[in-house]
Each structure stands twice: as structure tokens, then as C-alpha cells.
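Subject: Structure for your files

Hello,

Please find the structure below, with the sequence alongside. My notes on what was found follow it.

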Amino acid sequence: MKDDKLTGLLEYIATSLVDDPKEVFVDEYKQGRTVHLELQVAPEDIGRVIGKRGRVANAMRSLLKVVAARNGQQVTMDVVDFN
């Protein structure tokens, strides 16, 4: 599975959670075997993708790590605020 599939998976999950799916953007950076993903959503949807005590964000990270591990990679995911 390629890195763009990781990006696509994160976009799919995030657009399913937010009220404004047009404002979901994922930036991807590679460093060796590690893929760094930065998720940006509308300011009013940040709480939805983070969840209480970060449970939603941690669940997304877990899914991404499983997919990446199948391809011999590592992945990190951060929710960023670019206001």
C-alpha cells in the first residue's frame, strides 16, 4: 500500500466526522520509512476530530499505524490549526 493510500484513508475518516468536508486537508511529509501526516479541518470541527481526551484522534492514529505496518512503514498523524 502506498503513502497516498494513507493520505486517502485519513481524508476519508476525517470527512466522515466533520460538518464541513470541503475544509479537510491532509499534508504528507516523508522522512525515511516514516510518513508524517498533518490533518487540517475547519476551526469548528477540530473538536470532532480530536474527541474527548483525544480518543478519536488516537483511534485514527491506530488505524493508520496498522495500514502502514502492513507496508513496512511507520506513520505519525497530527491535527494542526492554521488560523
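To begin with the surface: the protein chain exposes about 5400 Å², and carbon and sulfur atoms supply 49% of that area. Bear in mind that this is a predicted model. Of the 83 residues in the protein chain, 34% are buried.

As for the fold, the protein chain contains three helices and three strands. Their order along the sequence is α-β-β-α-α-β. The radius of gyration is 12 Å, close to the 12 Å that the globule rule gives for 83 residues, so the protein chain is as compact as a globular protein of that length. Along the principal axes, the C-alpha atoms occupy a box of roughly 35 × 20 × 20 Å.

Contacts were also counted for the protein chain. Taking those between residues at least 6 apart in sequence, 57% join residues at least 24 apart.

One residue was looked at individually. G54 sits in the loop that runs between helix 2 (46-50) and helix 3 (55-70). Is G54 buried or exposed? Its relative accessibility is 16%, and buried means under 20%, so G54 counts as buried. G54 and D4 are 50 residues apart along the chain, and 25 Å separates their C-alpha atoms.

Regards

Definitions and conventions: Residues are numbered from 1 along each chain as its sequence is written. This is a predicted model: local features need pLDDT of at least 70, side-chain atom pairs count only at pLDDT 80 or more; totals for chains, interfaces and linings use all residues. Side-chain values use heavy atoms; hydrogens and water are left out. Helices (H or I, at least four residues) and strands (E, at least two) are DSSP runs, numbered from the N terminus. The radius of gyration is taken over C-alpha atoms; the globule rule is 2.2 Å times the number of residues to the power 0.38. Buried means under 20% relative accessible area, exposed over 50%, partly exposed in between (1.4 Å probe, protein chains only). Contact means heavy atoms within 4.5 Å. Accessible areas come from the Shrake-Rupley method with a 1.4 Å probe; for residues, only the protein chains shown count as cover.
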